[in-house]
Amino acid sequence: MKYGVIVFPGGSAAPECVAALRHLGHDAELIWHGNPAVDPDAYDCLLLPPGHSYGDYLRPGAIAKLSPIMPSVQEYAAGGGVVVGFGNGFQILLEAGLLPGAMLINRSCKYVCRLQRIAVESTKSALTCGFQAADALLLPIAHRWGNYWVDDGTLERMEHNGQIVLVYGDPEPNGSLRGIAGICNESGNVVGTMAHFHRAVFEDLGSTDGVGAFASIASWVEKVRTGRNGRSAPSGRSEGSGRSVRDGHSARGGCCSCRGCDVAESAANMIAATSVEGGNARD
Amino acid sequence: MTEWQKMGLTDEEYRMIVERLGREPNYTELGMISVMWSEHCSYKNSKAVLKTLPTRGPQVLQGPGENAGIVHIGDGIGVAFKIESHNHPSAVEPYEGAATGIGGMLRDIFTMGARPIASLNALWVGDLSSEKSRWILDGAVAGIAGYGNAVGVPTVAGCIGFHRSYENNPLVNAMCVGVIRADAIKRGVAAGVGNSVMIIGSSTGRDGIHGATFASADLTDETVESKSAMQVGDPFRESALMEACLELAERGCVVGMQDMGAAGLTCSTSEMASRAGTGIEIDVALVPMREEGMTPYEVMLSESQERMLLVPVPGREQEVEAVLAKWGLHAVRIGTVTDDGMVTVKDHGSVVACLPSALLTEAPVYRRESERPAYLDDVASFDTSIVPSPNAPEGLDAALLKVLASPNVASKRWAYEQFNTGAGVATVADPGADAAVVKVPGSRRGIALTVDCNSRFCWLDPEAGAAHAVAEAARNLACSGARPLAITNCLNFGNPYKPEVFWQFERCARGMAAACEALDTPITGGNVSLSNEDGQTPIRPTPAIGMLGVLDDVSLAVPSGFVAEGDSIILLGTTCDEIGGSEYLAVVHGIEAGRIPRIDLEAERRLIDLLVAAAGARLLRSAHDVSDGGLAVALAECCMAGAIGADLAVTGSQPMPADRMLFSESGARAVVSAKPCDVELLLQLAQDMKVPATLLGSTGGNRLRVCAAGSTDAILIDLGLQEMEQAYEGALPCAMSKWPARG
Amino acid sequence: MVHSVRVFVTLKKSVYDPQGDAVKAALLSDGFEGVRSLRIGKLIDLEVESESREACLAEVERMCRRLLVNGELETFRIQPAEDGDGACAGKADTCASQPAAAAAVEDSAR
């Protein structure tokens, strides 16, 4: 599996997402938000990480939705590609209209950071297809604007379509409508959640309930691959072309030479070097 | 009032200035000198005392004198850390005061080339029955959260204390920790005559002019009125500035760099020049400004946030500009390094100020008058033996619940759940643990961090109290399995011109020094905050101790609370009959007096060595130090953290009333748990290392049951987990629910 | 020519306002017993270079739909100053009562 993790200015959690993915044995690459062209065949999944892009100014995710990369993220999603947003990533997907609804400030008006009980409600999405409905997970949350809202008509449609994929258990943390903690689009390939699944994959940091989500994404991608007859597997890994991060960028005609990815890359490597186990090498 | 008096200088100081300069200073020059000679910047009233503190050790890579201290933790990795106060601004605007406090600390770390990996905070506010105190606490915590979370550096630990003396003078101490390769440390030096001097980061406005002077005076209505625009932090710019500076350091573009905090450009230019023995010439017209019509005086004194002064490697100015532009920030050459030892300020080419940098950075050093305070005679002589012990178990149960619900002891979850403790996926210990444990990027090591101070102890006995603060910090680290290495301190006191206050300051320093020597934890830097009083009542002496320790293997970290049923519980150390100054005496009997527990630094040392050794041998399932609230509270906390009850029998060094055994705050103690099969080894190790160790009982069930050793019928405490949790977890949310949340 | 424009952004009536609720509770407990409702919005002051006032208002409306306003949650009202006047800032009363306010652009419910 090859992930593209998008780096937004102020989006501080991109390196830790990369570290988590590599810990699980996946390839993960950072993509600077200023890059206007994402090669859909290069990645199996695009991840929009948590953080505080643009300081959450105006509204969380509001300014990030205007980033040069977003049109190609839209295209990628329209083509069936898997797009996942955690935390601020979810907020950006909502602002960009890739997912229905919007975020309000938590009911307490305070930031909340804790391990939260979260239940899987629908296995229809790329993030949850590997779970069973009603599976109970313990996952970290850390946000101030996680109070999900959507109008009644849309909510009804979403419920009917199985688009409510995750809900908070007791005690609920933010006043979200219907306790909604994560949703997907109609086809299930775009998923957003306030839960920080990537923080729940390290054995020495508490919960590892996040692992199943990445397994879900892998099986979803595999299904899509085998479902496409005659098309060469877009595994995202370049065979023998010796592409490095930089080369990959320029081949797609979009590296802005800002070294923003390099900085985040070395941060990710540092985090990864502290992981207890490197994880098994997987596809 | 004369011009210089308005700026906080005495007549005598003005005379000194004229003598050293050989002429009278102009208005701009006077402004520059006055901020640099403020207590906050110059430490003129505290320097003489600070010189007595131990600052050396083989582990110290950088001691006091730079932007942050740095300690070697092994493998060529340096850890930079520092604590500083932002007390006065927080009293007026708690959110921004606390936020900009964090901002300043982050900059002090990354200006050394270190990547910040953790923040801590120590807060003291008034009694929570006061609306003002709730307002301040709410704002300060929100400010730390708002700024710290947005920058992406996890806030991993802290402490909050309450007493009415902080009502108008809250303390907001911010601490930051970062990592750097030991051979890549950057310093604040303007080296290389002819090199460029650049300002990088945000634009300059009129914020915080004379902020340093404000911070150095009593907080009366007058000083608050005359204060200038409050500094407002921008965490988004700060995170960009952090990345830009670290990138510059990594690229090798930097000769010297310093952040701009108190006294802005005046401070950074003069300090960088003084350290290098050079001079600096700048033109304020070149400084990017966000207001119109700023005078040179305003530009030199502005405390606008998120700015740095940089001396780049010659020829790489354009590279610096490019890096900063990428991150959306300014980078402008404003001057040159000279060889004349002067700070020369020009405006559109004309000289408007010209002062020797030494004049700015070498303020007079005073030794203030010192006199033992009268109140000590009353409180220290109080005889605690007259205090009756509540009956068992109902009275003792009620006493324990009351202490658990006391804000000083109660769970601080209300605060720490507002902090993004897990950012960076490196935080190992729960925020409620004794010390935070953070994985060091690129290494198997971990660092342990804590910040604390028992200000009641320091008020009752400044010397012993300060020693206790150091010992307790070291115990916290050792309980998590880490070896204590070094300290950064924030010394918060009242008005130094009052002899009683200065006496407290001197004695605290003495106690701190003794403890640091005994425990091998030199002081690598810190901050002094004086004049924390509203013109009448000084705060209690509050030497906040921020301590750093190392775990050679982070997987050896030991949790604080019980982890499993059937584990054996052992008390390391001895309980003595000394409830003087205890939380129990204050909260249950309404008395704050008596002799505080004696401090035995040798015993503390032995306990620390034992805890580190036992952790290394993986003999401990949990370890929690005994401090506020005594043994009963420590046991309750261990039970609640693990959601497991315990059955134990307790005893003291000699026969004593039950409440003394349960609530004395004797030092050098820790409650540990171990697998039954490891108990013998552990007890043997304790004996070898000369630490008293007593098997108390076992974990299990859902109640905390304590009886007196030797008579298991005499039940002292019998409380359910839920009851204790209600008191412990409910206290702060309940008190703070009366204040509306900030938008 | 530079035009001054104010944009008032408020939550839609159907959306719960946690901040407004918390602040209302504070006022009530502070003795302001008459407060029945309190909702918090945003005020954005802009100075925009444009050929005409009409073009300016149209552009600001586009800005609102593109970035300044979240169409799911919020509604907005654009209020221009009289042509040639400085920014409205500090003259809230005059702004509201100006005849030009009649030309304010309202966001229709979505």
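β6(A) and β9(A) run antiparallel and are joined by three bridges. Select A:Ile118, whose bridge partner in β9(A) is A:Tyr168.

What you have open is a predicted model, in which local features need pLDDT of at least 70 and side-chain atom pairs count only at pLDDT 80 or more, while totals for chains, interfaces and linings use all residues. Residues are numbered from 1 along each chain as its sequence is written, and chains are lettered from A and ligands numbered from 1 in the order in which they are written.

**The sheet of chain A**

Now widen the selection to the sheet that holds this pair. Two strands pair if DSSP finds at least two bridges between them.

Next, select A:Asp170 and A:Pro171. The peptide bond between them is cis, with omega near -10°.

**Helix α3 of chain A**

Go to residues 88-95 of chain A. Is this helix buried or exposed? Eight of the eight residues of α3(A) are buried, so the helix is largely enclosed by the rest of the structure. Buried means that 20 or more other C-beta atoms lie within 10 Å of the residue's own; exposed means 12 or fewer, and partly exposed is in between, with C-beta atoms placed from the backbone. Among the buried residues are A:Phe90, A:Ile92, A:Leu93 and A:Leu94, as well as A:Asn88 and A:Glu95.

To see what surrounds them, show β3 (45-48), β4 (82-86), β5 (102-104) and β11 (190-193) of chain A, against which the buried residues of α3(A) pack. Then step to A:Gly97, just after the helix, where phi is positive at about 80°.

**Where chain A meets chain B**

Show both chains. In this model 34 residues of chain A are in contact with 32 residues of chain B; two residues are in contact if their C-beta atoms, placed from the backbone, lie within 7 Å. The largest share, four residues, comes from α7(A). By class, this side of chain A has 20 nonpolar, seven polar and seven charged residues. Ala, Val, Leu, Ile, Met, Phe, Trp, Tyr, Cys and Pro count as nonpolar, Asp, Glu, Lys and Arg as charged, and the others, Gly among them, as polar.

**Chain B as a whole**

Chain B has 27 helices and 25 strands. Its radius of gyration is 26 Å, close to the 27 Å that the globule rule gives for 743 residues, so chain B is as compact as a globular protein of that length. That radius is taken over C-alpha atoms, and the rule is 2.2 Å times the number of residues to the power 0.38. The C-alpha trace of chain B spans about 90 × 55 × 45 Å along its principal axes. Of the 743 residues, 64% count as buried.

Colour chain B by domain: domain 1 is 7-361, and domain 2 is 370-410 + 558-738, with bounds from an automatic or database domain assignment. Their C-alpha centres lie 42 Å apart. Five residues of domain 1 of chain B are in contact with five residues of domain 2 of chain B. On the domain 1 side, α8 (131-151) and β5 (155-162) of chain B each supply at least two residues.

**Backbone stops in chain B**

- B:Tyr43 lies in the loop between α4 (39-42) and α5 (47-50) of chain B, and has a positive phi of about 55° although it is not a glycine. B:Tyr43 is partly exposed, with 18 other C-beta atoms within 10 Å.
- B:Glu306 lies in the loop between α13 (296-301) and β10 (307-312) of chain B. Phi of B:Glu306 is positive, near 55°. With 26 C-beta neighbours inside 10 Å, B:Glu306 counts as buried.
- B:Pro393 is found in the loop between α16 (375-380) and α17 (394-404) of chain B. The peptide bond from B:Ala392 to B:Pro393 is cis, with omega near -10°.
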